[in-house]
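I opened my notebook and wanted to look at one structure step by step. Here are my entries.

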Amino acid sequence: MSTFLITFGVFMAVIAAMSIGYIIQKKVVKGSCGGLGAVGIEKVCNCPEPCDARKKREAREAARAEKLAAWEKDRIA
């Protein structure tokens, strides 16, 4: 039981030290790898040909954008 308490105490001390360091430095939490762009991937799905579900979703989004553009044009005119 004493091993558990010592280990728990050490972990709590490390967490407290990290918290105090974060508060003092006032830095924003951010990733260290830079995301997918850092490894040369331009998009999340790196497939040469998108799947059918993605094609349908992109077609819906394009139709919606076209409809919105037409609505904006009619509203302004």
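I noted that UniProt annotations may be inferred rather than shown by experiment. I kept that in mind for the record. The unreviewed UniProt entry marks residues 6–24 as "transmembrane region". I also noted that this model is predicted.

**Entry: the annotated stretch.** I checked what the chain does there. Residues 6–24 are 100% helix and 0% strand.

**Entry: helix H1.** I looked up H1, which runs over residues 2–25 and has 24 residues. Its first and last C-alpha atoms are 35 Å apart, close to the expected 34 Å. Then comes Lys26, with a positive phi near 55°.

**Entry: aromatic rings.** I found one aromatic pair in the structure. Phe4 and Phe8 form this pair, and it is stacked. The ring centres are 6.2 Å apart, with 20° between the planes. I counted it as stacked because planes under 30 degrees apart fall in that class. Both residues lie in H1, four residues apart, about one turn of the helix. Is Phe4 buried or exposed? Phe4 is exposed, at 52% relative accessibility. Phe8 is partly exposed, at 47%.

**Entry: salt bridge.** I got a count of one salt bridge. Glu58 forms it with Arg54, and the closest N and O atoms are 3.2 Å apart. Both residues lie in helix H2, residues 52–76. They are four residues apart, about one turn of the helix. Glu58 is partly exposed, at 37% relative accessibility. Arg54 is partly exposed too, at 26%.

Conventions:
Residues are numbered from 1 along each chain as its sequence is written. This is a predicted model: local features need pLDDT of at least 70, side-chain atom pairs count only at pLDDT 80 or more; totals for chains, interfaces and linings use all residues. Side-chain values use heavy atoms; hydrogens and water are left out. Helices (H or I, at least four residues) and strands (E, at least two) are DSSP runs, numbered from the N terminus. The expected span of a helix is 1.5 Å times one less than its number of residues. A salt bridge is a side-chain nitrogen of Lys or Arg within 4 Å of a carboxyl oxygen of Asp or Glu. Buried means under 20% relative accessible area, exposed over 50%, partly exposed in between (1.4 Å probe, protein chains only). Rings of Phe, Tyr and Trp (its six-membered ring) pair if their centres lie within 6.5 Å; planes under 30 degrees apart count as stacked, over 60 as edge-to-face and the rest as tilted.
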